[in-house]
Amino acid sequence: NSSEFITKYRTCRQQVRECSGEGDHHEGMSSDDELTLTEVTKFQKRKDNVLEDSRKIFEDVHADFCDIRKILLKFQEWKEKFPDSYCEAYISFCLPKLLNPLIRVQLINWNPLEQNFTELEEMPWFRAIEEFSCAKNISES
């Protein structure tokens, strides 16, 4: 399984190099060619363990408090119903610290170096924040 992963990874990188026209690559000179099967297996096992642990982080948290969109909706309601209180609480300074752990958990498996990675702008948490920011600008105007 790990050797298939290595072969697939190297093949993908080779195809990317060929499509981009990089002609100065010398086979065997890549740092990933130096990884042993044991190292790759060990890395994959650690990565799987981290991902498994990350799924458990918010398992005992109520759904309203571990979903960025739901959290932002609560703040939007607060802003609309009690604008003075919302403003006095400096929410714009608090939101990054509040959402940071939720976003970090979602980014644990994100790797921009992979060929088929998801753009940040396409991630659900990014869209939720963007919608909240747009709603904020609309209501202020």
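**Words and their cut-offs**

Mentor: Gladly! The accessible surface of the chain is about 11,100 Å², and 55% of it belongs to carbon and sulfur atoms; such areas come from the Shrake-Rupley method with a 1.4 Å probe, and for residues only the protein chains shown count as cover. This is a predicted model, where local features need pLDDT of at least 70, side-chain atom pairs count only at pLDDT 80 or more, and totals for chains, interfaces and linings use all residues. Residues are numbered from 1 along each chain as its sequence is written, and side-chain values use heavy atoms, leaving out hydrogens and water.

Trainee: How many helices and strands does the chain have?

Mentor: It has 6 helices and 0 strands. Both are DSSP runs numbered from the N terminus: helices are H or I with at least four residues, strands E with at least two.

Trainee: What makes the span of H3 agree with a helix?

Mentor: The expected span is 1.5 Å times one less than the number of residues. For the 14 residues of H3 (residues 68-81) that gives 20 Å, and the end C-alpha atoms are 20 Å apart, so the two agree.

Trainee: Which residues of H2 are called buried?

Mentor: Val 40, Leu 51 and Ser 54 are. Buried means under 20% relative accessible area, exposed over 50%, and partly exposed in between (1.4 Å probe, protein chains only).

Trainee: Why do we say that they line one face of H2?

Mentor: Because they fall within an arc of 60° seen down the axis; the arc is that of the directions from the helix axis to the C-beta atoms. On the other side of H2, Thr 38, Lys 45 and Arg 46 are exposed.
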